[in-house]
Every structure is written in C-alpha cells, then in structure tokens.
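This report looks at ring contacts and strand pairing. Keep the sequence and the structure at hand while reading.

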Amino acid sequence: ETQGIGCVVMRDPVVPQNISGTQEQFIPARLLFGIVPQALLDKYNFWQDDNDNIRGYMKEGQGDHYICIRMDDATLLDHQSIEKSLSAKITIVPLEGNIKKRTVTEAMLLLNLLYAPEGTALFSLAQLMARLENLSHVLVWTKNVNANQATDQLSIDLVQLPRLKLTFAARWDAVAMEMRLVSLDHANMFVSNVRNDLVVHLCRGIPHCILLSDPNDELRLLVPGVNAVRPQVASAPFSTELVLCRQDKAWAANMETPYYLFHVHISMSFLHCPTLASALYLLWLRLAFRDYGDASRLVDSIATDIEFSKEENQIFENLGALRDGHPNAHAVRCKISHVVMDSPLVTPWYMPAEMAAYISSICHISAQCQLEPEEQLLLLQESELLFKKERVIHYIVTQKFHREAFKGKLDSMGENAEKVYKYLQRAIFSALHQRVTTAEVMMLLQRVLEFQTFPLLSKCLLRNRNNQLEALRTGHTTFAVRVPP
C-alpha cells in the first residue's frame, strides 16, 4: 500500500496451487510479522481461504507439503487492523497423492522457542540454538499435533535451521541412556555436553559454536560462517565482544557452505581446519579475541600463491577491519603478509607501515609471534620495492599530469579506468622490470591521489633494520645507519 492506494490479490479454486477448495486471498508477509517465523515467511507465500484458514505454499518448486495456520482469534488478517495479542497454531502438512521424493511424510506442529517455559527441554534447546542462529530462523517441530499447552508432553522430532542448511532431531540413546540431539546432516554426530578445561579453552572467543561428538568420542566444532565485527568500546578499549551480522545477505551469497566444521585433535590442544576458508575464519576469530599466540600458529595454514575465492577474500578483507595496535597484532599481520607474498593478493593494510610498527615495538613482542630474520629480510625488501613502485606512479601523476586533473579524468572514465591501470603497470615494468597486479596498482594510486606519504623516520627505520639483518647474515660486524635530516 502506497499513499492510500493498494490492491487485494485473489485467486479462484481452479488454480492448481489452490488446495483449499475456496477462493483465496494473498496475505503479505508484513502482516504476519511476529506471528509466523521469518524462516517460513522467506520460503512460503501465504493465502487465506473463505474459512479464515491460512496456508503457506512454497515460493519455489511444487513442494510435497504446505503450511497450515489456524488463528486463535477469528480476526481477519487485513491491512487495516491486527490484534496485538493474536497468536497462531502452525503445522506442516504433507500433500496427498503419489509423490516420489517426499521431504515431509506426516503432519507436525511448530513449537515456539521464544516463550518456552524455563527449565524445560524446549528452553534448553532454545538457548543452544540461539548460539547458532536467530530464533526466528530456527524451526522446531513435534509430531504431537494435538498439543495445546506448553505443559503438554512434547517430543522434539525435528529441528531445522534453513539458512545454515542444518537439521537435528532428538533421539534416545539406549547405550548412554540419555536423550541426544542428533545431526541428520553428519552421520553419527550429536551435540556433545563435554565441558572440560581443554574444550573450554578451544571454544574461547567463538560464542556462536556448538560441540559435536560421535560414538567414538571424536569431537567437531560447528561454527556458522557469519560476518562478525568487533566494535570499539570506549569504556573497554580491549574488549573482545563480537557482534554477529546474521542478516548480511552479500556475505552469505559468497559463502560456499554456511558453516565450518573444525576437527578437534585427539589431544584437544588445537583445531584442524579442513579448508582454506575455515582457516581464515578461525584466524580472524583468534585475532578478534586478541589471542595472538594461536593466531600466529594459524598463519602458515593460510599460505597461498593463488588468488582467493570470493568467500576467502571477504574473510581476508575482514582481517584489515580489526583495528589493533598491540605489538603482537602487528607481528601477526606481518606474518600474514609474508605467507601471501608470492600470491597476487594485496593485503588490507599497508605492509611497510606494519613492518615499521613491528620493528619499533620488537622488544614488546612475545617470542611465539616474532618473525625469523629471513622473514624480516624478505618483508623489508618487499617494502623497499613498494616504495619504488609508488615513486613511479607519483612521478606520472604529478609530473606528467596534474594530480587533480588526473583524478578527475580517472573518475570520469568509470569502467574504462582499466586502461589507466594497464598504462601504470607498463610504466612500472619499464622502470623496474617488475610485474604488478591491477589490485596493487589501485592501492598505490589511491595513496598517491590521497596524499598519503610514508614518514621519513619510518623509512630510515626499515632501511637500518635491513642493513643490520644483512650484516648478521653475511657475518659483518658493522653496517651503515641512515638518519633523517
């Protein structure tokens, strides 16, 4: 409805998708907010028949079931008024007929996690699922479709997390003599209650994880791969609290899998990362928790000489968003720069600035985070090469062109700016015989256009450290020292 103008969408019983036998009226999703979980609103279109029953039909595909909603109050859901206290009984009902592959075989009732009585199994389940997903995207079903009160005996027959593509079910284990929440996606895996000191240590800094186990007591850590940020808190400058951005659709679209499953080593001393993306995500979590020792040990697991995928690249870019001036944080970022040096990647920080911060605070860096002399030399040589590349671009922008005119022309070219980058790549190769990527040219050009300069004192610091390490490598007892004028 816009400026008092709206429409009512009706469909006749002859429409194949209409199984009510009466005329149906379309119910916009906004009228069901607070009554129907968002997970169902995202997946189904809802129609109301002449008997005030509401049915949800799948938006995509034919489907082998539908959602049935019976309101506690007979008030019609229209765009004019809705009772605030309105509640509903939601069931999932299989369609009749010969359907080869069924996902729903019998009717089930949806349970409301939001108002689960404290002390019940449903309340404990809600607390567990809230770690993985918003409760509006957690669907808990029971086969006891005739239940009317929260105090009724309810079996938890199916737990669905559609966005994470996870499904669980409560099953009785005759050997352990206890009820277990079993994963239907990973064979023989169930939610574990192991809580010893080693496991707690592994889970620190990962508030959105759950622990899975198998009958052989082999553990897995299940972590949703959601976008997360560590906000700056003025009253707690060293806070490690995370804000999980579960609604980030752009982030989710780049994810190959919506969650990561880390293997817990038998010693329970570290996690094994099955993929490069999972290693990057765990590295980000450790840095966000300011656990620099574990982060430093993880750096080698993200070494690569090729470009990242979209999923890996967005996590890598997130590493640069962690504003952390701790000496160990500078050391970890330098280590990351070293392991991706042979790839076409551009780090989300300026590597010479990180090296200068590392050298100036080297006496405060813990032993497990320090770089080897050979690693420092490679990074210092790469920093010097970056300075030379930037000087070539600076000369072209300021001497051959006027800086502001160059910037204006670049902005006006839009998609054709690739020609400028190719021209600068050729100029750098002609001057230095070094090939550079488009991403690196864009980074250096941005520094030149925005008047970003590297302090002369820091340049002297890098060159003096390079001379010192070269002298140690070659066995010389003296080396040249540069001082700023």
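The model is predicted. It holds nine aromatic pairs. Two of them are set out here.

| Aromatic pair | Centre to centre | Angle between planes | Class |
|---|---|---|---|
| Tyr 260 and Tyr 281 | 5.3 Å | 45° | tilted |
| Phe 316 and Trp 349 | 6.3 Å | 50° | tilted |

**Tyr 260 and Tyr 281**

Tyr 260 belongs to strand 17, residues 259-264. Tyr 281 belongs to helix 5, residues 276-288. The pair therefore ties together parts that lie 21 residues apart in sequence. Tyr 260 and Tyr 281 are both buried.

**Phe 316 and Trp 349**

This pair links distant parts of the chain, 33 residues apart. Phe 316 sits in helix 7, residues 310-320. Trp 349 sits in the loop between helix 8 (327-339) and helix 9 (351-360). Phe 316 has 0%, so Phe 316 is buried. Trp 349 has 10%, so Trp 349 is buried too.

**Charges over rings**

Two arginines face aromatic rings. Arg 11 lies over the face of Tyr 57, at 4.8 Å from the ring centre. Arg 435 lies over the face of Phe 429, at 4.6 Å from the ring centre.

**Strand 8 and its partners**

Strand 8 covers residues 139-142. Which strands pair with strand 8? Strand 7, residues 108-111, pairs with strand 8 in the antiparallel sense, over three bridges. Strand 9, residues 158-161, also runs antiparallel to strand 8, and three bridges join these two.

Leu 110 stands opposite Trp 141 of strand 8. Leu 139 stands opposite Gln 160 of strand 9.

Now the side chains. In a regular strand they alternate between the two faces of the sheet. Leu 139 and Trp 141 point one way from strand 8. Val 140 and Thr 142 point the other way. Are these four residues buried or exposed? Leu 139, Val 140, Trp 141 and Thr 142 are all buried.

Notes:
Residues are numbered from 1 along each chain as its sequence is written. This is a predicted model: local features need pLDDT of at least 70, side-chain atom pairs count only at pLDDT 80 or more; totals for chains, interfaces and linings use all residues. Side-chain values use heavy atoms; hydrogens and water are left out. Buried means under 20% relative accessible area, exposed over 50%, partly exposed in between (1.4 Å probe, protein chains only). Two strands pair if DSSP finds at least two bridges between them. Rings of Phe, Tyr and Trp (its six-membered ring) pair if their centres lie within 6.5 Å; planes under 30 degrees apart count as stacked, over 60 as edge-to-face and the rest as tilted. A charge sits over a ring if NZ of Lys or CZ of Arg is within 6 Å of the ring centre and within 35 degrees of the ring normal.
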